[in-house]
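Colleague: I am new to reading protein structures. Could you take me through a few features, one at a time?

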Amino acid sequence: MNQCLICESEYQSFVDFGDMPIANAFATKETLNDEYTFPMKVGFCENCNMVQLVEQPDRERMFHENYAFFSSTSNYMKDHFKRFANSVSKLQGLDKNSFVVEVGSNDGIMLQNFVTDNIPCLGVEPSKNVAEVARKKGVEVITEFFDQPLAENIIATHKKADAILSANVMCHIPYMHSIYDGVKVLLKNDGVFIFEDPYLGEVIEKTSFDQIYDEHVFLFSALSISHLANMHDLELIDVEYQITHGGSMRYTIAHKGAKKVSENVTNLIKREKKLGLDRAKAYSSFSDNVDQIKDDLIKLLKTLKNEEKKVVAYGATSKSTTVTNYFGITPDLVECIYDTTPIKQNKFSPGMHIPVLPYEQFHESDPDYVLLFAWNHAVEIMKKEESYMSNGKHWITYIPKVEID
Ligand code: JHZ
Ligand code: SAH
């Protein structure tokens, strides 16, 4: 039996991926035979409705000075965070006397917008290499992990916040109670805590199992977030669906009773109950659905290999570590992965050791099929590659099911 990270109830796991490497630990020739792995299983707590990893590696193994994910590699995401920042400024009426804190500010993709608008802000980002990029954009960054003691420090060195923001970070943090205690003290009486993460409802509906990897310890829903907020005398006051990262939810939290609760919250909770996300049964076919995608994709890749087709992949995503390792996709089936991120290039994908090559070489590679690991950026990428792909080359995608374009 496993113990829930939120409410300490016992819960059962519903999917087991076996041993997995760290999703962003791209290997070099020297480290190929020395990779850390952990048993990756996911469970659902019927008491507080939280979906969670049964085990997660220590945070220092995942977030450090060689962290491989840089937020600003997608132009769509740059626009998304500009819109996000503008919407917060409008909602809270932010100006030069305000104060915004972002948890997990990475390369400054969100906070650079507040810097431009002369709204005082502070990033909290433990991965030193990505934090340095944000600093070069004029963003002030503390290179530590956010938690309750750090929130107290920020009040001492700065002040309380009008808005605490976070994107694709909350679902990475197992010590949620320290985070919410920190938010509770750091947030002004009329402040808002707004964060977004991949949405559980989408993961279940689309079988986007590749959102599950070491970093993602939680998959949130309105049900689980409202439960968690309540435990800390906070309240979920709004929710807004986002198309980013394959389907995300933006949650707005305020001090309990401080702001009106939008009917979006009650409506979403109703919908989640209708989908059964508060009951174990909703998760019972997930594992079989993943295996169906596995069978279909492996069958396709083996057929293409027999036909001597050239198959490469696009985007060395964190998600692809789950896909390649759980499915057993070796360089034998997918020759290489092209990616724009310098720190990933000329290394090997975690576990399966598919070579990661500089994006520039993609246009010289002349493949027959391109497996799109960065499927969440499909619109942006397919548009960018439209002319290159036009003469008989095909995309392969696998969420929600295996398809050739
Ligand atoms: P992308 C990461 O997930 C990790 P990943 C993390 N855990 C998380 O939650 C989300 O981000 C926010 C490349 N690329 O965004 C860049 C191109 O080569 O799907 C990236 O390596 N060409 C924090 O890693 C990868 O693909 C392009 O045109 O699953 C995309 O990674 C574009 C757009 C991207 O996140
Ligand atoms: N917000 C960005 C970055 C997401 S990457 C985006 O949406 O693109 C996740 C980031 O969270 C990493 O840069 C990692 O270093 C950071 N992180 C992990 N745990 C953290 C914590 N406790 N406090 C602050 N940042 C954390």
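Modeller: Gladly. Keep in mind that this model is predicted.

Colleague: Let me start with a helix. Which residues of helix H4 (residues 128–136) are buried?

Modeller: First, the general idea. An α-helix has 3.6 residues a turn, so residues three or four places apart point the same way. Now the case here. The buried residues of H4 are Asn-129, Val-130, Ala-131 and Ala-134.

Colleague: What covers the buried residues of H4?

Modeller: The cover includes strand S7 (141–142). Look also just after H4, where Gly-138 has a positive phi of about 90°.

Colleague: Now sheets. What is the order of the strands in the open sheet of seven strands?

Modeller: In general, strands of a sheet pair through backbone hydrogen bonds, either parallel or antiparallel. Here the order is S15-S16-S14-S13-S17-S18-S19, and the pairing is mixed. Strand S15 (347–348) and strand S19 (403–404) are the edges, each pairing on one side only. For a parallel pair, take S13 (residues 311–314) and S14 (residues 337–339), joined over two bridges. Ala-313 stands opposite Ile-337 of S14.

Colleague: Which helix lies across S13, S17, S18 and S19?

Modeller: Helix H10 (residues 286–306) does, running at about 150° to S18.

Colleague: Last one. At what angle do helices H6 and H8 pack?

Modeller: Two packed helices are described by the angle between their axes and the distance between the axes. For H6 (residues 176–186) and H8 (residues 222–231), the angle is about 60° and the axes are 10 Å apart. Met-176, His-177 and Tyr-180 of H6 meet Ile-225, Leu-228, Ala-229 and Met-231 of H8. Six of these contact residues are nonpolar, one is polar and none is charged.

Terms used: Residues are numbered from 1 along each chain as its sequence is written. Chains are lettered from A and ligands numbered from 1 in the order in which they are written. This is a predicted model: local features need pLDDT of at least 70, side-chain atom pairs count only at pLDDT 80 or more; totals for chains, interfaces and linings use all residues. Side-chain values use heavy atoms; hydrogens and water are left out. Buried means under 20% relative accessible area, exposed over 50%, partly exposed in between (1.4 Å probe, protein chains only). Helices (H or I, at least four residues) and strands (E, at least two) are DSSP runs, numbered from the N terminus. Contact means heavy atoms within 4.5 Å. Two strands pair if DSSP finds at least two bridges between them. Axes are lines fitted to C-alpha atoms, for helices over the stretch in contact, and angles run from 0 to 180 degrees between N-to-C directions. Ala, Val, Leu, Ile, Met, Phe, Trp, Tyr, Cys and Pro count as nonpolar, Asp, Glu, Lys and Arg as charged, and the others, Gly among them, as polar.
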